[in-house]
There are 2 protein chains.
Amino acid sequence: MKATAVSALFQTQFPLVQGGMIWCSSWRLASAVSNAGGLGLIGSGSMYPEVLREHIQQCQAATDKPFGVNVPLLYPNIEEHMNSIVELGVKIVFTSAGNPATWTSWLKERGITVVHVVSNSKFALKAAQAGVDAIVAEGFEAGGHNGREETTTLCLIPQIREALNAGGYSDLPLIAAGGVASGGAIAACLALGADGVQIGSLFAAAEESSAHENFKKAILEAGDGATQLTLKELTPVRLLKNPFWQAVQEAYARGASPEELAELLGRGRAKKGMFEGDLNEGELEIGQVAAQISAVKSARAIIEQLNQEYHQAIGRLK
Amino acid sequence: MKATAVSALFQTQFPLVQGGMIWCSSWRLASAVSNAGGLGLIGSGSMYPEVLREHIQQCQAATDKPFGVNVPLLYPNIEEHMNSIVELGVKIVFTSAGNPATWTSWLKERGITVVHVVSNSKFALKAAQAGVDAIVAEGFEAGGHNGREETTTLCLIPQIREALNAGGYSDLPLIAAGGVASGGAIAACLALGADGVQIGSLFAAAEESSAHENFKKAILEAGDGATQLTLKELTPVRLLKNPFWQAVQEAYARGASPEELAELLGRGRAKKGMFEGDLNEGELEIGQVAAQISAVKSARAIIEQLNQEYHQAIGRLK
């Protein structure tokens, strides 16, 4: 893969970021991705403060390459997480699911590179105005929490690129997320005007991912139409269609209120499914590209394959 | 744009098909696209048999280049349409919204090139087995009727390419549709493994489109999140969010049954909106890329711009 503004910003070999996913993105995954030439991210959304500190320290011991921490602003413990990040000398933070203005200046004053995840042009501009160093534009096909506009990656990248250009931010690096699990999709995103990609689902199924073996197996078995964006009345989330998802659909069918849906969702469903491997009762967050994932591989093998496929795709365009 | 299996199949300069859209794709639009190097399609879905005959004859008078007819199999008059197509010597037919096995052999026995539109791998294989000459894979972001799996173009193209390869159809030309309104998106689709693209929304707003001026103006004004895939209990359809769409959402909020939704939809809504320009009461079918369309241009100017953007996008990959 070619060097871009994204690989220059993060000082990585490839313009490729591993998504900082709850219950999957441990120090083991993040350091493996960074050691293989991408940017690994620890997913702090599922971690207590002391757990995050441990993962940062383990990651520092496991790689001398750059890595970062993803902080979804809708979870608790944000202030403690941010303090740990600064104290332990993490150099890169991705924020998501919240207002980019809340933490960007504070982090940048402390010498940290800040990236914010958005799903529409309005928030891309808001993030640019808040002073972020790059933007992740995440499309409808992505796993986990997602935007209400339902704009797909193919549409979102040119729209955000155009909005940034019009707003005077034509040099701001743009990272495409959602629907990327092949080198062809990486080439596609660069052709659309992105400077790099963020890959989640493919790394959720990686050897080094802390996802439960049962969940990884479910990802490999997922086919066409195996996921759906649901619970839009709460926070929209893309889930694998399992018995818990089925229970949500039955709640809809009987006209359940948002309060009833929230009660059905309860607490700890994602941990139960993704980390403890309960495929019936758990919430399984994964992207549409699960249909393209057919083997558990090491992060290094994944990146090597992406690189090879990328060059094949470029060859198709000549 | 480079020559591919799609431009070879249709004998066109570019691997680019104009979608055969109801109320937009008249002989005027189809012949203008064909004359500019793409493949123009007449949209028969909104035409009575005698109207389709007239459009075919006018198109033949307006161009000596190849053109085709799109026949959505969910509308009435299919048999009369097919007989007109054969009698008047049309050489290319795109079928959609129905079983590919119903008409493919009949058309091919009469020397006609047949293409079928699908939105999942299962139907892609079914179409291949029925003997089609190419497949259009249409993603979730496309306007009008759409698949229940909600798979986006970025995910759908690699999945269908892979399914066709595994099924022994690796040479079958694949056309990407949904979310394509720029040369960058064309390059993206080719990088993903498509051999060409089908473009709808951008041509719905073309000078030669028979869409009402009010509808074209509404397309230009559409921004982020301006459309939604709705009426999933009937036939899923992507609509511009206008007062009619709002009425559908209010019906959902009060728990309307599919029968009530069908009654609310009624008959003739698409004509009222797209052809007669009633932006309040009409049904306005358009893709997410409406947000990227900012001017009404001739089909020739559109294709020239796509070609220029395509080369810029290829340049970005080098």
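In the predicted model, His145(A) has Val237(A) of strand S11 of chain A as its bridge partner, and this bridge belongs to the pairing of S7(A) with strand S11 (residues 237–240) of chain A, which is antiparallel and extends over two bridges.

Residues are numbered from 1 along each chain as its sequence is written, while chains are lettered from A and ligands numbered from 1 in the order in which they are written. Because the model is predicted, local features need pLDDT of at least 70 and side-chain atom pairs count only at pLDDT 80 or more, whereas totals for chains, interfaces and linings use all residues.

Chain A comprises 14 helices and 11 strands. Its radius of gyration, taken over C-alpha atoms, is 18 Å, close to the 20 Å that the globule rule (2.2 Å times the number of residues to the power 0.38) gives for 318 residues, so chain A is as compact as a globular protein of that length. Along the principal axes, the C-alpha atoms of chain A fill a box of roughly 50 × 45 × 40 Å. Of the 318 residues in chain A, 58% are buried, a residue being buried if 20 or more other C-beta atoms, placed from the backbone, lie within 10 Å of its own, exposed if 12 or fewer do, and partly exposed in between.

Arg300(A), located in helix H14 (residues 299–316) of chain A, is partly exposed, with 17 other C-beta atoms within 10 Å. Neighbours within four places in sequence aside, Arg300(A) is in contact with Ala32(A) and Ala36(A), where contact requires C-beta atoms, placed from the backbone, to lie within 7 Å.

In chain B, five of the five residues of strand S6 (residues 134–138) are buried, so this strand is largely enclosed by the rest of the structure. Ala134(B), Val136(B) and Glu138(B) point one way from S6(B), whereas Ile135(B) and Ala137(B) point the other way. Strand S5 (residues 113–118) of chain B runs parallel to S6(B) and is joined to it by four bridges, with Val115(B) opposite Ala134(B). S6(B) is likewise joined by four bridges to strand S8 (residues 174–177) of chain B, in parallel, and Ala137(B) stands opposite Ala176(B) in S8(B).

The contact between the chains takes 37 residues from chain B and 37 residues from chain A, and H8(B) supplies the largest share of the chain B side, seven residues. Since 100% of the interface residues of chain B are also interface residues in chain A, the copies meet through the same surface.

How values were computed
Two strands pair if DSSP finds at least two bridges between them. Two residues are in contact if their C-beta atoms, placed from the backbone, lie within 7 Å.
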